[in-house]
Amino acid sequence: MVDKEKLKMMIDLAEYEEKHGKKNYIINSYFQFDYVERHMLGGFVAYTLCFLLVFALIVFYKFDEISSQTNILVILEMFKPYLTYYAIGLLVYELIIVIVYSLRYSHGKREVRIQSNKLKKLNKKYYAE
């Protein structure tokens, strides 16, 4: 006869493995600092590329104003606020990345630990019979 509790545990474990298992086991293969740092680097690259695209649009929009200036220092002074916006935006974005991926890491680690404990419990039940 089939033990209903063991069957329910096996179904729960199979559902977890199918839905979240691969993602959480990848998380489990990193230290938290490395996992968060990896996503921070990706966020830095993505944010910088997006900023450069927006900056290029701003340059095209102000092209008449830029081309009328003869002094390079005046042109650089025109774009100084955008550098400040970039730095502040990057800082905020990276802070959000640290918070989000730290929470994801801790949640993934907790899920792996719970599933591991369920497997141990199931294993004990299997060998107890």
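Where is the place of glutamate 111? Keep that one in mind while we go through the model; point 5 comes back to it.

1. **What you are looking at.** This is a predicted model, where local features need pLDDT of at least 70, side-chain atom pairs count only at pLDDT 80 or more, and totals for chains, interfaces and linings use all residues. Residues are numbered from 1 along each chain as its sequence is written, and side-chain values use heavy atoms, with hydrogens and water left out.

2. **Overall build.** The chain has 4 helices and 0 strands, where helices (H or I, at least four residues) and strands (E, at least two) are DSSP runs numbered from the N terminus. Read from that end, the order is α-α-α-α. Along the principal axes, the C-alpha atoms fill a box of roughly 90 × 25 × 15 Å. The radius of gyration is 26 Å, while a compact globule of 129 residues would have one near 14 Å. (That radius is taken over C-alpha atoms, and the globule rule is 2.2 Å times the number of residues to the power 0.38.)

3. **Surface and contacts.** Of the 129 residues, 24% are buried; buried means under 20% relative accessible area, exposed means over 50%, and partly exposed is in between (1.4 Å probe, protein chains only). The chain exposes about 10,100 Å², with carbon and sulfur atoms supplying 68% of it; these areas come from the Shrake-Rupley method with a 1.4 Å probe, and for residues only the protein chains shown count as cover. A contact means heavy atoms within 4.5 Å. Among contacts with a separation of 6 or more, 80% join residues 24 or more positions apart.

4. **Two salt bridges.** Side chains of opposite charge can pair when their charged atoms come close. The rule used here asks for a side-chain nitrogen of Lys or Arg within 4 Å of a carboxyl oxygen of Asp or Glu, and it gives 2 salt bridges. One joins aspartate 12 and lysine 8 at 3.3 Å, N to O. Both lie in helix H1 (residues 4-28), 4 residues apart, about one turn of the helix. Aspartate 12 is partly exposed at 26%, whereas lysine 8 is exposed at 53%. The other salt bridge joins glutamate 77 and lysine 80 at 3.6 Å, N to O. These two sit 3 residues apart in helix H4 (residues 72-128), which is about one helical turn. Glutamate 77, at 47%, is partly exposed, and lysine 80, at 46%, is partly exposed as well.

5. **Back to glutamate 111.** Its place is in helix H4. Glutamate 111 is buried yet has no salt bridge: the nearest side chain of opposite charge, arginine 110, is 5.6 Å away. (Lys and Arg count as positive, Asp and Glu as negative; His and the chain ends are not counted.) Leaving out residues up to four places away in sequence, glutamate 111 touches Tyr16 and Asn24.

6. **The nonpolar cores.** A nonpolar core is a set of buried Ala, Val, Leu, Ile, Met, Phe, Trp, Tyr and Cys residues joined through side-chain atoms within 4.5 Å. The largest has 9 residues, including Phe51, Ile58, Met78 and Tyr86. Helix H2 (32-61) and H4 each supply at least two of its residues, and H4 gives the most, with 6. Apart from it lies another core of 6 residues, among them Ile27, Ile97, Tyr101 and Tyr105. For a close look, pick tyrosine 86, which touches Phe44, Tyr47, Thr48 and Phe51, not counting residues up to four places away in sequence.
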